[in-house]
Amino acid sequence: MSTIHETGALGADAQRDKSAVLIRLLKGPLYLHRQRDLWQVLLREQYSIRDYFQQIGLSLLIDEAEGYAFLKQPESAEEESAQELPRLVSRRSLSFAQTLLLVCLRKRLAEHDSEESAPRLIVTRQEIHQWLLPYLAEVANEVKQRRDLDALIKKIDEMGFLTAIPNHPDDFEVPRIIKAFVTAEQIVEFDQLLAQKHAIGEN
């Protein structure tokens with residue numbers, strides 16, 4: 001039979017674990033394969049965690065099949081007409097090159113899922129360069145262009161849509177959370193935009 005002290009200690013441990021999940025989510029996405037202990041707490045306490053974030057205007061999105069969870073700040077007409085809440089989750093304004101790389105990564109992940117049995121998709125720096133070069137204008141300084149592409153890769157890494165493999169600086173994992181941010185419909189729209197740009201360039 002548990003004593004009052006033991007029950008209190010268990011309650012404190014549970015609250016500490018829950019707080020760790022809240023803090024992790026406020027910092028960025030939570031992944032099953034990286035934080036298994038926190039993931040189990042998230043699933044166990046997801047309803048109270050969801051209620052907590054709703055009180056501060058955030059939605060909790062969990063994809064158990066893909067193994068990730070993240071926070072989203074909904075945009076609504078009510079917020080726009082009333083005094084808008086301070087943004088806790090920043091909006092991203094993407095450049096053309098950033099959008100292009102995200103779409104390329106999302107397409108490659110779709111191909112990987114249809115062709116491979118391994119859950120992780122690893123891409124190389126050289127592969128990324130090869131994907132992007134056909135869409136870029138020809139330049140005289142190829143060294144500078146490669147540096148610019150490497151800076152783009154670093155930026156996408158910082159945004160959380162690529163993960164550098166330790167001790168392999170030219171290899172990157174594509175986190176599956178990219179599926180939540182780049183949809184099939186957005187890929188079609190971007191492909192149409194590229195086709196229009198290409199047609200304009202030929203005229």
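Entry one, a helix pair. I took the predicted model and fitted axes to helix 5 (residues 96-115) and helix 7 (residues 142-158), which come within 10 Å and cross at roughly 70 degrees. Angles of 65 to 115 degrees count as roughly perpendicular, so helix 5 is roughly perpendicular to helix 7. I also checked the hand, and the crossing of helix 5 and helix 7 is right-handed.

Entry two, the residues at that crossing. Which residues of helix 5 meet helix 7? I found Ala97, Gln98, Leu101, Leu102 and Leu105 on the helix 5 side, with Leu152, Ile153, Lys155 and Ile156 as their partners in helix 7. Sorted by class, I have 7 nonpolar residues, 1 polar and 1 charged in this contact.

I located Arg176 in the loop that runs between strand 6 (168-173) and helix 8 (178-181). Is Arg176 buried or exposed? Its relative accessibility is 17%, and the cut-off for buried is under 20%, so I noted Arg176 as buried. I then listed its contacts, leaving aside neighbours within four places in sequence: Glu66, Tyr68, Leu109, Asp113 and Pro119.

I counted 9 helices and 6 strands. Of the 203 residues in the chain, 30% are buried. For contacts between residues at least 6 apart in sequence, I got 54% joining residues at least 24 apart. Last, I noted an accessible surface of about 13300 Å² for the chain, with 52% of that belonging to carbon and sulfur atoms.

Methods. Residues numbered from 1 in each chain as written. Predicted model: local features only at pLDDT ≥ 70, side-chain atom pairs only at ≥ 80, totals over all residues. Heavy atoms only, no water. Helix = DSSP H or I, 4+ residues; strand = E, 2+ residues; numbered from the N terminus. Buried < 20%, exposed > 50% of the residue type's maximum accessible area, 1.4 Å probe, protein only. Contact = heavy atoms within 4.5 Å. Axes fitted to C-alpha atoms, helices over the stretch in contact; angles between N-to-C directions. Parallel < 35°, antiparallel > 145°, perpendicular 65-115°, else oblique. Left-handed = near helix turned anticlockwise from the far one by under 90°. Nonpolar A, V, L, I, M, F, W, Y, C, P; charged D, E, K, R; others polar. Areas by Shrake-Rupley, 256 points an atom, 1.4 Å probe, with all protein chains shown as cover.
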